[in-house]
Amino acid sequence: MLDMKTLGNDAIAEKGWFKAHKFLIMRRLSQLGILALFLTGPWLGIWIVKGNLASNLTLDVLPLTDPYVLLQASLSGVVPETAAIIGVVIVLVFYFLVGGRVYCSWVCPVNMVTDLAAWLRRKLGIRTTSQLSRSTRYWMLALTLILPLVVTGGIIWELVNPVSMMFRGIVFGMGAAWVMVLGIFLFDLIVAKDGWCGHICPVGAFYNLIGSKSLLRVNALQRQACNDCMECYVICPEPQVIKPALKGEEKGVSPVILSSDCTNCGRCIDICAKDVFSYGGRYSKTTEVYKRKGEINQGVQA
Amino acid sequence: MSETERKNEINRRQFLGNMLKTACGVGLVGLGLGAYSKRASTMPANYIRPPGALPEEDFLGACIRCGLCVRDCPYDILFLGEVGDEVATGTPYFIARTGPCEMCEDIPCVVACPTNALDHDLKDIEDSRMGLAVLIDQENCIAFHGLRCEVCFNVCPIRNRAISLDMQHNTRSGKHALFIPVVHSEACTGCGLCERACILEEAAIKVFPMHLAKGELGKHYRLGWKEKEKAGKALVTPDTEHRYNLPEGVRYDLQGEGLIIEGEAEETPFSSNPLDTLNSGFMDK
């Protein structure tokens, strides 16, 4: 049985603490940095980005708009302004390239909360499993897109969306939104592993669909080096995505993790002592290179 | 992992059952959200939407809660509703008594709105209708006590059109005038400058959302004189002159107080000149 207490120790011993936490640190810098860009205005009077994740304006020129929120608004009958349309296109192109769920692991502030809950689960040895299906999020997504059509009074989901609420709360004033955040923390800690981000959140589901053919992907190019320590499965918030790529060699499955559930967070890269995983392109030539290398190796052994 | 996969593959009934469970659960969430949205879309009467805001129901569908209007307001009067506030979460509002709209000519809040929740067709701030000022407490407004104040009249940016002064007789002193402020809905934008300026502890003039401030005439109602003006002629057949069947020499006139007998005046024993009557006794002697 995998010992939660020693999780990651191999990687630290092999690569050093910093390399074993490289992408975790970069993600935190990204998440906090994005918040900081929004906060220098209200806190210091230096306006870099105005607004919040729903729609914003960087240095008074670059508009960015959340396609999910704008889609909800459009479904309730809104014709957006040009700036919003430009903003949506930029965001869509970006996430199409780097992977939709990069939003979840590199931008969304709720990720820090659910990561904390997941870390505590491991430390405290909480092993509750949820009855929820991972497809629940798509049902939720459908629900949030149907509600503006059938209920008058508009973008219903945005009345309770913890993702937008938390970010807006930090930038504009929290009110009682911390109750929602605490609720998600406790849900993830006690009720279900990766409960919110991995099962329910329709925002993640939407970005999942946007990035389903994204170019940037994590791969297991060095999968032959895998020593079956299983730590990547434990640390991964969507562990179902790893197996086909990591263990698919015999079946001739590509070492590239193709499932759009993958958040491109790089946790597996950090935790693997054998450097099995790395970032790469979806159609990267390294895949073929690897295959050839494999054949040569086999030839040498024979 | 592989175990659950196998289970899913094998047991179709279980798969369908799980799916149904999820769908029902999510459906319940939807019902809850629908019910909550009804409660969440109410707003206190003193919360006023920024200029150009669509009618409330449309506004709630159009506003994506980005706060760009809040950021671009040069007077920092706008707030975003926080969770627990009595206004839809994340939507902008201002409170006239503490921070009224200063009616910027370039309307930066509207320009900032990415979704037309604040209508970009609004080009002239004087056309905005954020609400309507109502002189709601006429017992405490000191103008009604005959005291000179007129602060609301003087701070109004659409001076003398949105609020005018109606001079009335002061019956208490008998010799002074009352300078009564009167709001005109055809010019008032609901900016709330008057409400902030009101000198009372609690403002006597307040801005309310239009639907609270305005009455509405029944749809079937027509004002005869206005219809007549519109049509350029009377819309009902004029009354035919009434004919009274009276004996000859008698006519009827209401204003002349009833039946009038023609020639009666000449038959009176008294002269029309009162001196004749007074002098008649003297003449007899």
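A: A word on annotation comes first: UniProt positions are given here in the numbering of this model, feature names are shortened, and an annotation may be inferred rather than shown by experiment. The model itself is predicted.

The unreviewed UniProt entry carries the annotation "transmembrane region" for residues 29-49, 69-97, 138-157 and 169-191 of chain A. Two of these stretches can be compared with the model. Over residues 29-49 of chain A, the chain is 76% helix and 5% strand, and the C-alpha atoms at the ends of that stretch are 17 Å apart. Over residues 69-97 of chain A, the proportions are 79% helix and 0% strand, with the end C-alpha atoms 20 Å apart.

The strands of chain A may be considered next. Strands of a sheet pair through backbone hydrogen bonds, and the pairing is either parallel or antiparallel. In chain A, 3 strands make an open sheet in the order S1-S2-S3, and their pairing is antiparallel. Strand S1 (49-52) and strand S3 (62-65) of chain A are the edge strands, each of which pairs on one side only. On average, neighbouring strands of this sheet are turned by 10 degrees against each other, direction ignored.

The two pairings can be followed through a single residue. S1(A) pairs with strand S2 (residues 55-58) of chain A in the antiparallel sense over 4 bridges, and A:Val49 stands opposite A:Thr58 in S2(A). S2(A) is also joined to S3(A) by 4 bridges, again in an antiparallel arrangement, and here the bridge partner of A:Thr58 is A:Leu62 in S3(A). The hairpin of S2(A) and S3(A) has 3 residues between the strands; within this hairpin, A:Leu59 takes a positive phi near 50 degrees.

The sheet also has a helix against it. Helix H5 (residues 82-98) of chain A lies across S2 and S3 of chain A and runs at about 75 degrees to S3(A).

Attention now turns from the sheet to the packing of helices. Two packed helices are described by the angle between their axes and the distance between the axes. Three pairs in chain A illustrate this description.

Helix H4 (residues 67-75) of chain A packs with H8(A) at an angle of about 30 degrees, the axes being 8 Å apart. Angles under 35 degrees count as roughly parallel, and H4(A) and H8(A) are therefore roughly parallel to each other. Their crossing is right-handed. At the contact, A:Leu71, A:Gln72 and A:Leu75 in H4(A) meet A:Thr144, A:Leu145, A:Pro148 and A:Leu149 in H8(A). By class, this contact of H4(A) with H8(A) comprises 5 nonpolar, 2 polar and no charged residues.

The axes of helix H8 (residues 136-150) of chain A and helix H12 (residues 202-210) of chain A come within 8 Å and cross at roughly 95 degrees. That angle makes H8(A) roughly perpendicular to H12(A). From H8(A), the residues A:Arg137, A:Tyr138, A:Met140, A:Leu141 and A:Thr144 meet A:Pro202, A:Gly204, A:Ala205 and A:Phe206 in H12(A). The residues of this contact of H8(A) with H12(A) divide into 6 nonpolar, 2 polar and 1 charged.

By class, the contact of H9(A) with H10(A) has 7 nonpolar, 1 polar and no charged residues.

The contact between the chains takes 51 residues from chain A and 37 residues from chain B. On the side of chain B that touches chain A, H2(B) supplies the largest share, 12 residues. That side of chain B has 17 nonpolar, 14 polar and 6 charged residues.

Notes:
Residues numbered from 1 in each chain as written. Chains lettered and ligands numbered in written order. Predicted model: local features only at pLDDT ≥ 70, side-chain atom pairs only at ≥ 80, totals over all residues. Nonpolar A, V, L, I, M, F, W, Y, C, P; charged D, E, K, R; others polar. Helix = DSSP H or I, 4+ residues; strand = E, 2+ residues; numbered from the N terminus. Contact = placed C-beta atoms within 7 Å. Pairing = 2+ DSSP bridges. Axes fitted to C-alpha atoms, helices over the stretch in contact; angles between N-to-C directions. Parallel < 35°, antiparallel > 145°, perpendicular 65-115°, else oblique. Left-handed = near helix turned anticlockwise from the far one by under 90°.
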